[in-house]
Structures are given as C-alpha cells and as structure tokens.
Amino acid sequence: PTSIKRDLKNENLFGLGKTSVSWHKDSGLQDFSSIAVYHTILQDEGNNRYDRDYEYDNKSLKNGKGSQNNTPWRVALRVGGENNAKTPALAVPLPGGSLYYLLDDFNHTREHAVLSGSNQLRYSSTHRVAREGCGTWQYIRDKCDSVLSSCRYIIMSASSTAVPEKRDSKVKESDLSTAKRKKMMVKEVRAHQQLITEIEFEWLRQWCIQGQRHARLHPFWHRPIERLQESYKQLECFSLIAIQILKDSSMTVEKKTPGVSEDIFDVMIEGIEERMRLRVAWHERLQDPIFASLPPETQPFNCPVLDRTTTDKKCEMTEDLHSLINNLRKWRSSFVNQKEGNFGRDKATIASGGQENSSSPIRKKKKNNAKQSSSLTKKEQRKVASNWKNMLSIMGKN
C-alpha cells in the first residue's frame, strides 16, 4: 500500500544513497531489444506541476546524500560482471516527466538501479520486448503436460512391464538399443528435475511471497496455481520412483533395472543440489526484517506443497535434501563398484599370478580412491582430474 512508508536500503558499493530498485539487468527479454522507462513524480499537496525546475544540489549528488527536500530521483548505471566495482558508477538525475532508453546491448553488458530522491512518490512505466514462449501460464501449462506425459521409461521400469509404444512413434521400442534406452531415461529424469525446480522457484514461491492481499486481487491465477501445485505433487511422485529405482539398482545385480546408468545418478544429484542451494538462498531472503514489518495480508504465506510440517514418504519427497544427496552418492558408488567389480578382480588376479592379493597396500589404496571417486558425478570427477582449484591457488599467489 502506498500509505506505508518503508526505510529503503543503502547502495553501499558506491555510496549512492537509498535505492528504490537495486542493481539488476532486465530478464526474459528478446536479445538486444530496447527498454523504455517513463517516470513521473507526485508533488506535495497543492503542487501538481512536474519538477522540471527542480533545484539539484551537486554536492549532495556526489556524496549520495542530501536532505529530503533537495535530493532528486536518479537512475544509476554501472558495468556488469565480476569487475563492476572497479569502474565508477554513473548517476543521472530524473526530473518528473522524464523518458529514458536502454538501447542495443546495454542490458547485456550493464546494470541499472533507481536511486530514491525526496519523500515524494514516484510512478514509472517500463516498456520492454518480451521473449515469446516462456514466462506465461500457457507456457508452463503446456510444459507440465508435455513432461508429465513423457515419463514412460522410468514408470515402466518401476513396474517391470514393457514400455508402451507411442502411436506416433516411427521407431519401435523393441528396436531400441540399451544405449538408446539409457539416453532416453536420462532425458526423462533431467526434464522432470528441471521442471520441479522451475515450478517451485519461478512460480509457487514467487506467488506466495506476494501475500494474501495480492492473491485476493488476482483471482484469475487461483486455478493455475492450484494446477501447478498438482503438477508439483506428480513430479514428486515421479522423483520418488526414480530414487527407489536407483536405490534398488545399487543393492544387487538381480535388482538392477535395465537402462540405469551413472548418468541418471548424476542428473538426480545435480538437480537436487541445485534445489537445495536455491532453498537456502530463498530462506535467507525471507529473513529480511522488511517482511515482518509488513501488514499481515501483505506478508509471505506458506505454500501447501512446499511448507509442510509433516511428510508422507509414499508420495512426498523428504525436506532433508542434504541427507538424500548423501544417500544418492553412496548408492552411486555401490552401483559403479558392482559394475566394475568383476573387471577389477580379474585384473588383480592376473597381476598376482592367479591369486587375488586383496591385502596389498597398493591394492587397498587404489580401492579407496576408486570408492571415493565413484560417489562423485562425472562433472565433479573432471574438476578433480583437472586439479582446477590448485591451479587457481597457484595463479592467485603469482
């Protein structure tokens, strides 16, 4: 509500004062498209003119300070990327009725912010060229329908039945090689993990953080949000099935599901780790005191499928993602060791003249190293093999 006054955060990087909109790049836009912003300021009561004759205090602008009556609204510009603090930022005063543009590659290489001026109210209208095909209800609805209807291999693997052939498929399932089946199972798991993360952080959490008042004012979105919650539940059920298959495949050779590979373990580990990282960041965001100071109707509210007090293990994933990731790594290690066990024993037997020497120190060391590396994803193994961290530390010392 406009009647509620909040203390704005300071721009601490360059000392530019209070920020109404923090440093950012606009997202979801067509590449190299222009951005136009119209800006006007509501004057004090009895004074409805634009502030084109506003008196600016250059010294206050330079220091990022100024009294409530003489500090203008400004747009700040800075270089994007990791080294943005090395190049000084630019702050441009914005009289009421101003119109400014961000052209060509500006939004790709630069960031901008809005610096608060006086205690007068500012209204702005931003005009962008949005990227089509994403960020809309039709987009996420169709994506849910497509992904949820494509989980044939994992579901059928869990039930130990034949995979039904698609009517429009030109290739018969019986003609698919084992390698092809592995790729298609990995594709299914990756699509489901990416979608469950997108629904949680781009839709459900974004909806709940706006508060009950916002939800009441947008009744159109009630049913779409309910459908997304239903899709989220279905994706959780799929994830539990996939996790159970991976667990069974790590136990014994007899329980190993055809088509399961290390790649499926990797996709599941990476997807859950990404979700855990985003949840930590989201939790930190909600700790901002500003939320507690808002009226109850505008405070974030709990989402039924995300903020649960109890978990149904049959159809809901555990909230302890850290333990789940550790289990997946153990199962991956066991799966890899089972697959490579016979081959490793044959090599050891040949090297020892027909007898396997399991007590050899070299043998034990290699075994421990293999066990440790088999719990890592292929991406993590490549990082270890390249010794990337050591190289960075050496470069930093020089």
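Reader: In what order do the strands of the open sheet stand?
Author: This is a predicted model, where local features need pLDDT of at least 70, side-chain atom pairs count only at pLDDT 80 or more, and totals for chains, interfaces and linings use all residues. Residues are numbered from 1 along each chain as its sequence is written, and side-chain values use heavy atoms, without hydrogens and water. Strands are DSSP runs of E, at least two residues, numbered from the N terminus, and two pair if DSSP finds at least two bridges between them. The 3 strands pair antiparallel, in the order β6-β3-β8.

Reader: Why is one side of β6 and of β8 left without a neighbour in the sheet?
Author: β6 (98-102) and β8 (121-127) stand at the edges.

Reader: Over how many bridges do β3 and β8 pair?
Author: I41 stands opposite R122 in β8. Strand β3 covers residues 35-42. Its antiparallel pairing with β8 runs over 7 bridges.

Reader: What kind of aromatic pair do W203 and W221 form?
Author: Rings of Phe, Tyr and Trp (its six-membered ring) pair if their centres lie within 6.5 Å; planes under 30 degrees apart count as stacked, over 60 as edge-to-face, the rest as tilted. For W203 and W221, the centres are 6.1 Å apart and the planes make 40°. The pair is tilted.

Reader: Why is the pair of F220 and W221 edge-to-face?
Author: The ring centres of F220 and W221 lie 5.5 Å apart. The pair is edge-to-face because the planes stand at 85°.

Technical notes: Helix = DSSP H or I, 4+ residues; strand = E, 2+ residues; numbered from the N terminus.
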